[in-house]
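Subject: Structure for your review

Dear colleague,

Please find below the structure I am handing over to you. My findings follow directly after it.

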Amino acid sequence: MKTIVLMGDPNVGKSVLFSRLTGVDVIASNYPGTTVDYSKGWITRHEETLEIVDAPGTYSLEPTNRAEEVAVSLLDKADVIVNVVDATSLERCLLLTIELLEQHKPVIIALNMWDEAQHLGIHINVRELENLLQVPVVPTVAITAEGIKELVERLDDARISKRQYTGGEDQVWTEIGHIVRKVQTVAHRHHTFRDRLVDATVKPGTGLLTAAIVLFTLFWLVRFVGEGMIGHVFDPLFSLYLKPITTFSEWLGPGFLHDILIGKLMDGKVDFIQSMGILTTGLFVPFGMVLPYVISFYLALAVLEDTGYLPRLATVTDNLFHRLGMHGHGILPILLGLGCKVPGVLSTRTLETRKQRFISTVLVGITIPCTAQTAMIFGVLGHHGAKYILIVLGTLAAVFALLGLLLNKTICGECPELFLDIPPYRRPSLRAVTKKTWMRVRSFLVEALPLLFLGVLSASILDAAGFTEKLADFAAPFMKSWFGLPGEAMPALLSGLLRKELALGMLVPLNLTATQLTIGVTVFSFFPCIATFAVMLKELGIRDMLKAMTLMILTALLIGGTLRIVLIGWNLWPGN
Amino acid sequence: MNESLLTQLRQGEEATVVALRGGCGFQRRLRSIGLKEGKTVRMVAKHPFAGPLVVEVDGRQITIGRGMSQKITVARP
């Protein structure tokens, strides 16, 4: 089977083109570095199956970060290279094009964003470009599928260019200048009022103001839409569900099956948060509490990503992130991490050095609350008042800043400067936004639900076997003296490692005071879930992972202990 | 010709790139994103505390660190 690899500069639309070609959904956004790993898909054409690979973007075949390394490593597998070129910035894409032509592999060029180029008054003579490069060139608009059919039809025309560029790099640049002069004419454009408005979003004063407004609106929208969905959809649905599940519980009668499916009854009634059965808590927490915020967060994020604002946000926050040992691009893992830490940690691949990646991964892993953690924080503390939620979030923010400052000072390694291409603002399409939101929501459901069920199941089995009680007794002296929490908080903490939402259902029945819950929730927040541990290990390697876990445990002990002293006092055995 | 470093341009000023300094890989990175000799650059924004610069080349904006931009010599018209 032939393998066709899509290669091109970052943010030229490879992922959109890939989805169009194969029908396989991949996340595409309007910022450089969305794709950090490759995806595969297949198309059947003339009774022949072709494998299509979507590679991360790279400006040249000499990689400067890990995502670009992935792209370059895919080259060996390629039988045909589809070089995706941004028609609106032909000149800068041609370096990679020429490097690809030198690989002695068949190449075909997709001249993407053809519509936008025409809109900007950029005209490219396609025939002339084909003549000069000696490979086929097909204008495409991946977003609307224009030109995709022709691209597929002409895949067989892809050929090894006869042109060779042996004179070294200077000759390549001269050649690029020559090609651009011959094939491209650009109509002159005046600087308009709209351009000035656009510029304001990257300037120091107005840029920071814009960032504050955008982020505030983002979180307000997430809350507004999330609460709206809970109030109008999920709460009514679960109150309808309460009746049949109660009937089912009565019909089932007490026993092991009841313990697992329904869980414990609270005052003889099913309690969606505390019962801890698969059909009660196992359904209510993910669907009734977390899912609405997952949907609203990813909806808002998708709009933000597709406008092209994120590189501008990275620019105006660059100063801040340099203090923490990263640069402006470090905002991306954090934003993604607020949804789910797994893509958050993966996106650290676009940072250039090991030091930056380590700091970013540790900060996301320890201090950034994902949707499930946020749901736990609000779910546990919500009815005790906003004060306690602010203590938790404030502590996490303070640890984020302090840990960043500390790691920046103590970890050796370079912290290179920000170097970033800012794409034009684009209007997000409703179709792209809903598709992307659905893909992320789907992966939440696919990844979270099995783990949650497994967690609920093992928690009830361990509980029935008396293990939970033993563990609680064993941990009690330490938990009490250090955190001011009962020993039963330990099993809750451990179940939280599987999925954060589980800790919620196990903490609530302990009848803790508001301050105890605040300490518990803060300490729990420092530990990510098992999926995040796995991806951290993959990205950091075993040695750095051990360092990260040491930091995690130290942070939890230190901050949890401090909070206990501040909120409860020195008294070693509170309540006694 | 009035030559200066890219960092010395004021906000809104335009100039032509005349020379790049620094390592081979670094120069390649600058050129591959569009910053190369003969190009007209416009200073869009300069961030304080030695923060990054935003320049416009060929109608596209690029964020570039202060240190990097000290390796770019430009000529004001």
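His46(A) is found in the loop that joins β2 (39–45) to β3 (48–54) of chain A. Please note that the model is a predicted one. Although His46(A) is not a glycine, its phi is positive, at about 50 degrees. His46(A) counts as exposed because it has 9 C-beta neighbours inside 10 Å, and a residue with 12 or fewer is classed in that way.

A second residue of this kind is Asn511(A), which is not a glycine and has a positive phi near 55 degrees. Its place is the loop between α22 (500–507) and α23 (514–525) of chain A. Asn511(A) is exposed, with 9 other C-beta atoms within 10 Å.

Six strands of chain A form an open sheet with mixed pairing, in the order β2-β3-β1-β4-β5-β7. The edges are held by β2 and β7 (137–139) of chain A; each has a single partner strand, so one side of each is left without a neighbour in the sheet. From one strand to the next, the twist averages 25 degrees. Within this sheet, strand β5 (residues 107–112) of chain A pairs with β7(A) in the parallel sense, over three bridges. There, Leu111(A) stands opposite Pro139(A) of β7(A).

Leaving aside residues up to four places away in sequence, Ala503(A) touches Met376(A), Ala492(A), Leu493(A), Ser495(A), Gly496(A) and Phe524(A).

**Leu540(A)**

Leu540(A) lies in helix α24 (residues 530–540) of chain A.

**Where the two chains meet**

In the contact between the chains, 26 residues of chain B meet 25 residues of chain A. On the chain B side, α1 (24–32), β3 (40–46), β5 (60–64) and α2 (66–69) each supply at least two residues. That side of chain B has 10 nonpolar, 10 polar and six charged residues.

One element at this contact is α1(B). Which residues of α1(B) are buried? They are Arg28(B), Leu30(B), Arg31(B) and Ser32(B). These buried residues pack against α3 (90–101) and α7 (169–183) of chain A, together with β2 (14–20) of chain B. Just after α1(B), Gly34(B) takes a positive phi of about 115 degrees.

Another element at the contact is β5(B). Strand β9 (residues 419–422) of chain A pairs with β5(B) in the antiparallel sense, over four bridges. Leu420(A) has Thr63(B) as its bridge partner in β5(B).

**The sheet that both chains share**

This pair of strands belongs to an open sheet of seven strands with antiparallel pairing, in the order β9(A)-β5(B)-β4(B)-β3(B)-β2(B)-β6(B)-β1(B). At its edges stand β9 of chain A and β1 (2–5) of chain B; each has a single partner strand, so one side of each is left without a neighbour in the sheet. Here the twist averages 35 degrees from one strand to the next.

Yours sincerely

Definitions and conventions: Residues numbered from 1 in each chain as written. Chains lettered and ligands numbered in written order. Predicted model: local features only at pLDDT ≥ 70, side-chain atom pairs only at ≥ 80, totals over all residues. Contact = placed C-beta atoms within 7 Å. Nonpolar A, V, L, I, M, F, W, Y, C, P; charged D, E, K, R; others polar. Pairing = 2+ DSSP bridges. Axes fitted to C-alpha atoms, helices over the stretch in contact; angles between N-to-C directions. Buried ≥ 20, exposed ≤ 12 C-beta atoms within 10 Å, placed from the backbone.
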